[in-house]
Amino acid sequence: MHLIPLLLGGSLALSPPQPNATSTPTDRPPETPGCRRLDTPGAAARCAIDRGPALAIAEADVDIARAHRDGAKVLLPSNPTLDLLVARRRGPSDRDVNVYGTLRQEVEIAGQRRLRMRVADAEIDAGRADVAAVRRTIAAEAMLAYYDVVAAQRLEAEIGKVVEVARALETLARERVDAGAAAGLELELTRAARVVAARRWLDARRRAALARAALASLVAVDDGVEVGGELRPLESTATRPRPELEGSAARIRAWERRTAGIRRDRAPEASFVATGQ
């Protein structure tokens, strides 16, 4: 009976456990290969990256930055301006019509176009770094959620074994009491231990269900995921480049170049005017 104090040190449940049992609805839609069954943290990360909207938003920001660069490639800062003036003179014996035309075009002479393109290039670099950072964040969240599920399922299975032991001890105590070899207190203690262990099993089962729901949300699987695999140490990534730092450096470059462009706006712009009559 030395297991009783161990079994009593937990929190409560009333129904017998089935640690490895999962409910499967009969009308469940066909599984999508690779995302409804996750056996490795890498698979969870790939599914979260492929199905998450955050990465698509970051990639759209890169497309916008590329569009800004295309706009910065324009050679002339503004559209040309054409002015037409039509004059008519009428006399007693003749009639004249004069047409005057003026074509005006501004030209940047301080290198503003080149600087705008450099600003757009820095913004594209920052956007690409953001994509890498979002990809890294999504993968980290998915891998943490995967290991949460694996740990919760293992805890559920281990406590299920404790419940089985508690149930066997309760049966043995009942037989001993019926045979007159033990007092009724022994049966009550083993029964209390079984109830406490069952409560702990229900709590572990609830945690496992919550962990699976969180992982299913990350990989965008509406009706839940099945998770296998074991707890293993992750490879350290401390020496790898940090996309967040690269993105910050690219933004600093963009701000510095934009500041230089604002200063160059003080330079006068030349205008070419062509007039015809």
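## Helix 4 against helix 5

Let's start with a pair of helices: helix 4 and helix 5 are roughly antiparallel to each other, because their axes cross at roughly 165 degrees, and anything over 145 counts as roughly antiparallel. The two axes come within 7 Å. As for handedness, helix 4 passes helix 5 in a left-handed crossing. Sorted by class, the residues in this contact are 23 nonpolar, 4 polar and 14 charged. Keep in mind while looking at all this that the model is predicted.

Glu-164 sits in helix 4, and its C-alpha atom is separated by 9.1 Å from that of Ala-197. Along the chain, those two residues are 33 apart. Glu-164 has a relative accessible area of 39%, so it counts as partly exposed; the band for that label lies between 20% and 50%.

## A closer look at helix 5

Helix 5 covers residues 184–218, which is 35 residues in all. From its first C-alpha to its last it reaches 52 Å, close to the 51 Å you'd expect at 1.5 Å a residue.

Past the end of helix 5 comes Ala-220. Check the backbone there: the phi of Ala-220 is positive, near 60 degrees.

## Helix 4's other partner

Helix 4, which spans residues 112–178, also pairs up with helix 3, residues 53–72. Here the axes come within 8 Å and cross at roughly 170 degrees. That angle makes helix 3 roughly antiparallel to helix 4. By class, the contact between them has 12 nonpolar, 2 polar and 9 charged residues.

If you're wondering what those numbers are for, two packed helices are described by the angle between their axes and the distance between the axes.

## The whole protein

Zooming out, the protein has 6 helices and 5 strands. Reading along the sequence, you get the pattern α-β-α-α-β-β-α-α-β-α-β.

How much of it is buried? Of the 277 residues in the protein, 30% are buried, meaning a relative accessible area under 20%. As for contacts, take those between residues at least 6 apart in sequence: 82% of them join residues at least 24 apart.

Key: Residues numbered from 1 in each chain as written. Predicted model: local features only at pLDDT ≥ 70, side-chain atom pairs only at ≥ 80, totals over all residues. Heavy atoms only, no water. Helix = DSSP H or I, 4+ residues; strand = E, 2+ residues; numbered from the N terminus. Expected span 1.5 Å × (residues − 1). Axes fitted to C-alpha atoms, helices over the stretch in contact; angles between N-to-C directions. Parallel < 35°, antiparallel > 145°, perpendicular 65-115°, else oblique. Left-handed = near helix turned anticlockwise from the far one by under 90°. Nonpolar A, V, L, I, M, F, W, Y, C, P; charged D, E, K, R; others polar. Buried < 20%, exposed > 50% of the residue type's maximum accessible area, 1.4 Å probe, protein only. Contact = heavy atoms within 4.5 Å.
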